[in-house]
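Me: I would like to learn how to read the features of a model like this one. Could you take me through them, beginning with the charges?

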Amino acid sequence: MKKLLFRYLGAFFLMLCSLALFAQQTKTVKGKVTSLEDGSPIPGVNILVKGTSNGTATDAEGNYKIAIKRSDKTLVISSVGFGTQEVQVGNRTVINIELKPDVTALSEIVIIGYGEQDRKTLTSSVSSVSSKEIANIPMPSADQLMQGRAAGVQVSSNSGTPGGGMSVRVRGTTSINADNNPLYVVDGIPISNSPLSSQGVGGQVVNAMADINPADIESMEILKDASATAIYGARAANGVVIITTKRGANAKPKVSFGAYWGTQNLWRKPQVITSGAEFERLSNEAAINNGGKAIFANPDASISTDWNSLIFQNAPIRNYDVSVSGGDTKIRYLVSLNNFKQEGIIRPSDFGRTTARVNLDFAVTDKVKVGTSLLLARSTRNRGQNDNNIYGSLGAAFFNPPNIPVYQPDGSYTKFSIFENPVAATNEQDYKMVTNRFLGNVYIDYEIVEGLTFRSSWSMDYSNNKEDLYYNTLMIQGVATRGRGISSVTADNNWINENTLSYQKSLGGGHKINVLLGNSLQESYIERITAEGQQFPSNDFRRINSAAVQLAGSGATGFGLASYFGRVNYGFKGKYLATINVRRDGSSRFGTANRWGTFPSVALGWRISDEKFMQKLIFISNMKLRTSYGTVGNQNFSALDTDDGNSIYLRDFVSRGLWSGGANYGDLPGIEPVQLANPNLKWETTTQLNVGLDLSIMKNKLIFTIDYYNKQTKDLLLAVPLARSGGFNSQVQNLGQMENKGIELGINATVINKEDLTWNINFNIARNRNLIKKLASPFTQFTRDVIRLEEGVPMYSFWLHRQIGVSPENGDAVWDGGEDGVFNPATDRFIVGNAQPDFYGGITNNLTWKGFDLMVFFQYSYGNSQLNWNRFFQEHGGTRNTNFSQSQLDRWQKAGDQTMIPKMTNANYASNLRPSRFLEDGSYLRLKNIVVGYTLPKEIVAKAFLSSVRVYFSAQNLLTFTKYTGLDPELNTGGNLSLVQGIELYAMPQPRMFTAGFNVSF
C-alpha cells in the first residue's frame, strides 16, 4: 500500500514538473483585429503561427486568443479583402492588429447577372466602380458617379439643373428611335429609368436614378459585351449597370453618421453684352450698314442692366446620412436614412430627396435563407424653364438687351417683346414636382443538396409623380390667359417575379461547372391624368377648379415580358474557361408574328499565365485572353395600332402604344388613329464581337485591361414614309442598320504601397466609332434642322452651311458653294462634324499618408464638336432687336480686318443661314473631383467611445481646360432625345462646388 502511494505521488510530481516546464515554454496571446479604414472589428480573420499548423480565427467582435510556444516569433494574419500581415510577437501577450483593405483582392469578386464570379475566371467584359471610389462625392445620382471611371462608358450631364437628366452610353449609340440608356438593375431588380414628368420644359428632363441614395451603394458593375449582357436579352443592347447596395455583416452593431455642407457658384459667365451703350452702338452700326439711320440717338446715356448677375446665385448644398448595420450567423441587417438638398445656381431650381432603406438577410436553417431589400424615396423639385427654352430665366437673360430696366416706374416688370423678364422668370416661376417611389424585393434561397440552390424573388418598382405648374399674370405666359395652371398625376407600377436554379460542382480532374436556369415574368403599367385651367380669379387661387376654363385628359399604357434563360460556366484547371448564355424573351410590345426573340452568346477564356511555359516570366502575375460573341435586343411599343383623341398632354406616349379618346365631333365622342400597326415588327438586334486581354505585372502593381469590340445593330425600328392616300404618312418598320466599333484601355498602377504611404493611379481611355449603315431616307432633328441622320455618317452629325471665312475687302461671309462653287443656302448644306469624341476617359489619383487621404479625379473628352447655338441667336448682326453675344465685337468693320464674324448686314446674317462658325471644338479636360481627408487616430477617438472619425474637404468642377466658348462643354440641350447630342441652348451649366463634411462611426 505504501509503495502504491509513493508511486502515485511520484507520478503527480512528474506531472506538475511537466506542466511547469510546458508553462515556461508556452504563452497565450490575445487581441483584437480591426479595419485600418474605419476601425470596425473583422470577424473570421485567420491567425496562424508562421511555419506551423497552429492557428485560430477571430470571433464576431474581432477578438482572438491563441496559445503559442515561447520560441514562436511571428503571427500571420489574413482575411479575404485585406492585405496579409506578419506580426512579430516578442514579449507581448496582447497584440491588437489593424488590417489594411486590399484593393486588388476586393475587386476579384464581380457581380454579374443573377450571380457573382471571380474576376480571375471571368470571360466577359465588366467594369467595376466601388463604393470607396465614389464616397463623399456630392452628386445626387449613381449615373453621375460613373463618369470617367469605367472605360467605354460615356456619361455627360444634360445640364447643371439639380436632379436633372444624364446621358449614358455604353460602347456607343445602338438605336435611333428606341432608348439608348443602359438597363439598370438594383439589387436584382430591373428598374424603370424613364422620367415621369408630364410637362416638358424645353430639353430638360428629370433623372429617375436620383431617387437612389449613392451612399447606400456598395458597388456598380457595368456589363459591356454580349457575354455579360445576353442573360438580360431584349433589354441589354445598351449595356447593363448592376447596382448592389450595402448589407449587414456578421459583426457587432455599427452606427455610422455622415454629413456635408457646401456652396455652388458659376464657373464661367455668359458671354453676352452687359453695357447698354455698347448694345446701342452695335444696333446703330447694323442699321447704318443696311442703309438706314441710327436707332439710338445717344448710346452713352444708356443704362446698363447685367441680367445674368440678377439670376445667378451662390447656391447651398447639404447632405445627411445615417446607417445602422450588423448581425450574427443567423441574421444580418442594414438600415439607412438620407436627406439631401441642392439648390440650383439659377433660382428657383432645386432638388430634395429623403430616403429610407432596409436590407435584411435571415438564415432560417442551414439550407433556407430569406431576405429583403426595401427602399422608400420621396423627391421634390422646383423646376425652372431653362434648357432649350426661350421663356426661362437663362434664355431671357440672353435675349433681353441691357439698355432696359428691370422694373417700370410703377414697380411692374419691364416686358420686352415675347421674352420673359429674367427677374420675373426667376421670381414668379411656380413649377413643383413631387415623386414618391417604392423599390423593393423579397427572396428565398433553398439549398436542395450541396451545390444545388433554388432562388425565388418578387420585386416591385412603384412611382407616383405629382406636378403643379402655374403661370401667373405677372409673366408673359400667364397674362394673356389671366393665369394658366397645369396639374398632373402619373403612376408607374412595375412588378417582376424571377426563379432560378443554380448548380456548381467540381467534377474532379480539374473540371468545374456552374449551371444557371431561370425564368422571369414582368408587367409594367403606367397611367396619367392631366388637367389645365385658364382665367383664374387671382394669383392666390392656383388650383384647376378655380379656373373659368378647364380641360382634362387621361391615358394609360402597359406591357408584359416573359423570359426563360440559362448560363453554363465551365473551367478546366482554372485556365481554360468557357461561358454560354441564352435568353428567350416574349414581349407584348410586338405583334404575334415576332413576339418572341432568342438572344445567345458564347465566351472563351485562356489564363496564359498558368501555363508551364510562362512560369519563368516571373514579372507577369496574370495574363488572360478573352473573346466573346453574342446577340442582344432592344424593344419599342410601335407595333400596336394606336388611336388618339387629340390628347394635348399625352401625345408623347403615342409612339409607345398609348390609347386615348377625345377626338370629338360636336357633342359626339370619337377617336382617331395616329399610327398604323405592323404585326411583322421584330426586335432590334445587336450582335457584338469582343476580344480582350487582362494583364498584371510586377506582383499586380501594374494591371492592364484591353478590349476591342465590334457591334452591329440591324432591324432598327424606323418610321418609313408611305403614300398619304392610305391615310397614314408613315409606318414603323424594321429598316435600319448601325455600327459601333471601338477599343478600351484601363490601367491600374500601384506606385507606392507602404504601411504609412500609398499611391494608386487608375487611368482609362476609350474610342468609339459610330456609323449609320442603312436608313429608309435621310431626316433631320432639332430646331432649324441642324442635326442630320443619313447613311454613311455617324449619329449626331451637324448639317450646316460651311463658312470658309470672311472677305477682308468687304466683310461678307465666304461660303462653301459645293461642286459648282456658287453658294445656294437651299442646297449647299454639309455634314461638318459630329458630337462624338475621338476618345474619352478619366484618371484618378488616390494617395494616403498616415491619417491623411487625397483623391484627385480628372475627366476628359477629345475631338467632339459642340454646337454653341446660343451664338446663333445672339450673334445676329442686328437682324434682331435682342442682345448680342460678346463675339459680335470681333466683327468685320473695315477693309483688311481678319475675322470669322462678318460685317453686320442683313445679308450676312439672313435667317435661312446655319453658319458652321458656331460649331466649336468641344474637347475639354476637367478637374472633376478633388477630396482631401483626415482620419483621426484611433487612440483619440476611442476616448469619445467612437470607432472612427474622418473629416474632409472636396471640390467639384474646380478647373476646366477647353477652347469652347459656351457655358459648359459638357452640356447637351437635347438630352431628352436619343437623336440629339452636343448642342448648348440656354442650358444651366454645371456649377463649381465646394463642400466640407465628416464621417463618424461607433
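Reply: The chain has 98 positive and 85 negative side chains, and the centres of the two sets lie 9 Å apart; Lys and Arg count as positive and Asp and Glu as negative, while His and the chain ends are not counted, and each charge is placed at NZ of Lys, CZ of Arg, CG of Asp or CD of Glu. This is a predicted model, in which local features need pLDDT of at least 70 and side-chain atom pairs count only at pLDDT 80 or more, whereas totals for chains, interfaces and linings use all residues. Residues are numbered from 1 along each chain as its sequence is written, and side-chain values use heavy atoms, with hydrogens and water left out.

Me: What share of the 1002 residues counts as buried?

Reply: Buried means under 20% relative accessible area, with exposed over 50% and partly exposed in between (1.4 Å probe, protein chains only); here 54% of the 1002 residues count as buried.

Me: Which strand order does the open sheet of 3 strands have?

Reply: Strands of a sheet pair through backbone hydrogen bonds, either parallel or antiparallel. In this open sheet the order is β47-β46-β50, with mixed pairing, where strands are DSSP runs (E, at least two residues) numbered from the N terminus and two of them pair if DSSP finds at least two bridges between them. Because β47 (919-921) and β50 (983-984) each have a single partner strand, they stand at the edges, with one side of each left without a neighbour in the sheet.

Me: How many bridges join β46 to β50?

Reply: Strand β46 (residues 865-868) runs parallel to β50 and is joined to it by 2 bridges, and Leu867 stands opposite Ile983 in β50.

Notes:
Helices (H or I, at least four residues) and strands (E, at least two) are DSSP runs, numbered from the N terminus.
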